[in-house]
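I am opening a notebook on a structure that is new to me. The entries below follow the order in which I looked things up.

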Amino acid sequence: MGIINSISTNLISGNDKEVASYTKKAMDAGISAETILNDGLINGMNIIGDRFRDHEVFLPDVLMAAKAMYAGMELIKPVLIKSGISSRGKIVIGTIQGDLHDIGKNLVGIMLKGAGYEVIDLGHDVSPEKFVEAAKETGATIIGMSALLTTTMANMKEVVDILKNENLHGKIRTIIGGAPVSKQYASEIGVDRYSFDAGNAVDTVKELLGK
Amino acid sequence: MREILTIPDESIIPGIEDVMKLQGIPSDSILPQKITDLYNRAFSIFLDTKEPNGLISGISAIDMENILTIAGGNIINSVISSVFRKSNDLALYVFTLGKEISDTINELFDKNEFALGSMLDSIASAAADKGGEYGERFFLSYLKKLGTIAPGHSVLMYSPGYCGWDITGQKKLFRYLKPGDIGISLNDSSLMTPIKSISGVLISGRREIHFLKEDFDFCKTCTGKNCRDRIKRIKQEV
């Protein structure tokens, strides 16, 4: 079994210490950080993401794999930065104002990072203005919003309204998710896309960014 | 009546099945050993960091109406508006698990301990729900002692943020309840600090007053349907 394969396999099993160890071995063997990232870490996260989507594994399995991915990422990150390898795109995420339920949002963030995107996680109870400001400040081209309550989901429309008022609608794209929202609701409030789970959120970001 | 409650640990300890439900794990699943181990670790942290506290305060129907009145003098269109008028007794209630457990969850996420942090978060959420149920039982027991509750009556809690009661309703509720006494405050978005807290109004009356049809506008978009479990719970009291 090759070193890269060992990184993926251990990542899928949530063995963070082994992932760190094999990542170091790969670096010592002269394997590029980009290869370790794409073929080892991201590949492993994609596999666990697919298994989660297919209900073959549970949420804790994905979160343990994510910890393992971060263990590897921390080792190669300085090399990636030094060699000027940029992320696949920047996404601002958060739970909408008035809502503190963020398990789903956290999972989306972890899966997006695992897929190689830079994620600016604003946490929960995020005002519409803060979403837009954060996207402008960081150069993020996607805003992802989550809600669990029917009484807070209406705040998502305000983000779209602000983007329209500032002529940013279409330049900064929007995705929503969470139990009470739907594809129809996304369409009604002018949001670009609806994602039904974390894995689908990654696919949707890939589609919107074209990479 | 206004009382700070000392809440026994056994009243807020959630069942593992409730925790796993919040983790999205079906009740008929066979848990892998590593998930059981993770649960045990998180549960041990829960026992070390929980600081349960409750506050209950009686409220009149007139004051309750004030809490539910919005700009223009209208009563909000929500389940609570329909139910409270049919009640016999009302009390405001808040429960918190304290600050330390929320801080610990954040620290675990900061240390990339996502699975452990998420499991602790689910245990705390399930425990907060238990804290709400404790309030219902306490109020029922209090009314029984007073002899003001009839056989076949029950107590159920309704919270801002759910079933059409906007989360901003929390501000008015807090004006009456004043839960600063047990260290709970509201932020600008009407969310409670510490996060793992639960608040609402306890409504006593005939069980049937809670058996509402799901024909409100907000029921169409609600996927949680927690009301069904709550109604089922009081039906089982019979």
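**Entry 1: chain A, overall**

I began with chain A and found nine helices and five strands. This is a predicted model, so every entry here concerns a prediction. Reading from the N terminus, I wrote down the order of elements in chain A as α-α-α-α-β-α-β-α-β-α-β-α-β-α. I then looked up the radius of gyration of chain A, which is 18 Å. The globule rule gives 17 Å for 211 residues, and the value for chain A is close to that, so chain A is as compact as a globular protein of that length. Along the principal axes, the C-alpha trace of chain A spans about 55 × 35 × 25 Å. Of the 211 residues in chain A, 55% are buried. I also checked sequence separation: among contacts in chain A with a separation of 6 or more, 73% are between residues 24 or more positions apart.

**Entry 2: the domains of chain A**

Chain A is divided into domain 1 (3–82) and domain 2 (90–209). I noted 26 Å between the C-alpha centres of these two domains. Their contact takes 11 residues from domain 1 of chain A and nine residues from domain 2 of chain A. Which helices supply the domain 1 side of chain A that touches domain 2? Helix 3 (33–53) and helix 4 (59–82) of chain A each supply at least two residues. Helix 3 of chain A has the largest share of that side, with six residues. By class, I listed nine nonpolar residues, one polar and one charged on the side of domain 1 that touches domain 2 in chain A.

**Entry 3: a loop residue in chain A**

I stopped at A:His55, which is in the loop between helix 3 and helix 4 of chain A. A:His55 is not a glycine, yet it has a positive phi of about 60°. Most residues other than glycine have a negative phi. Is A:His55 buried or exposed? A:His55 counts as exposed because it has 10 C-beta neighbours inside 10 Å, and the cut-off for exposed is 12 or fewer.

**Entry 4: chain B, overall**

Chain B has 10 helices and seven strands. The radius of gyration of chain B is 18 Å, close to the 18 Å from the globule rule for 238 residues, so chain B is as compact as a globular protein of that length. I recorded a box of roughly 50 × 40 × 35 Å for the C-alpha atoms of chain B, taken along the principal axes. Of the 238 residues of chain B, 45% count as buried. For confidence, the mean pLDDT of chain B is 88, and 96% of its residues reach 70 or more. Within chain B, confidence is lowest in helix 9, at a mean of 76, and highest in helix 3, at 97. For the model, I noted ipTM 0.83 and pTM 0.84.

B:Arg175 is found in helix 8 (residues 169–177) of chain B. B:Arg175 is exposed, because 12 other C-beta atoms lie within 10 Å.

B:Lys178 lies in the loop between helix 8 and strand 5 (185–186) of chain B. Its phi is positive, at about 50°, although B:Lys178 is not a glycine. With 14 other C-beta atoms within 10 Å, B:Lys178 is partly exposed.

I also looked at B:Pro194, in the loop between strand 6 (192–193) and strand 7 (197–206) of chain B. The peptide bond from B:Thr193 to B:Pro194 is cis, with omega near -5°.

**Entry 5: where the chains meet**

I turned to the interface, where 25 residues of chain B are in contact with 20 residues of chain A. Helix 3 (33–49), helix 7 and helix 9 (217–221) of chain B each supply at least two residues of the chain B side. Helix 7 of chain B gives the largest share of that side, five residues. By class, the chain B side has 11 nonpolar, 11 polar and three charged residues.

**Entry 6: the largest core**

Last, I looked up the largest nonpolar core, which has 134 residues. Those with the most contacts inside this core are A:Ala65, A:Leu112, B:Leu120 and B:Val201. Helix 7 (residues 114–146) of chain B gives the most to this core, with 14 residues. From chain A, the core draws at least three residues from each of domain 1 and domain 2. I followed A:Leu112 further. Leaving aside neighbours within four places in sequence, A:Leu112 is in contact with A:Ile91, A:Tyr117, A:Val119, A:Ala201, A:Val202 and A:Val205.

Notes: Residues are numbered from 1 along each chain as its sequence is written. Chains are lettered from A and ligands numbered from 1 in the order in which they are written. This is a predicted model: local features need pLDDT of at least 70, side-chain atom pairs count only at pLDDT 80 or more; totals for chains, interfaces and linings use all residues. A nonpolar core is a set of buried Ala, Val, Leu, Ile, Met, Phe, Trp, Tyr and Cys residues joined through C-beta atoms within 7 Å. A residue is buried if 20 or more other C-beta atoms lie within 10 Å of its own, exposed if 12 or fewer, and partly exposed in between; C-beta atoms are placed from the backbone. Helices (H or I, at least four residues) and strands (E, at least two) are DSSP runs, numbered from the N terminus. Domain bounds come from an automatic or database domain assignment. Two residues are in contact if their C-beta atoms, placed from the backbone, lie within 7 Å. Ala, Val, Leu, Ile, Met, Phe, Trp, Tyr, Cys and Pro count as nonpolar, Asp, Glu, Lys and Arg as charged, and the others, Gly among them, as polar. pLDDT is the predictor's confidence in each residue, from 0 to 100. The radius of gyration is taken over C-alpha atoms; the globule rule is 2.2 Å times the number of residues to the power 0.38.
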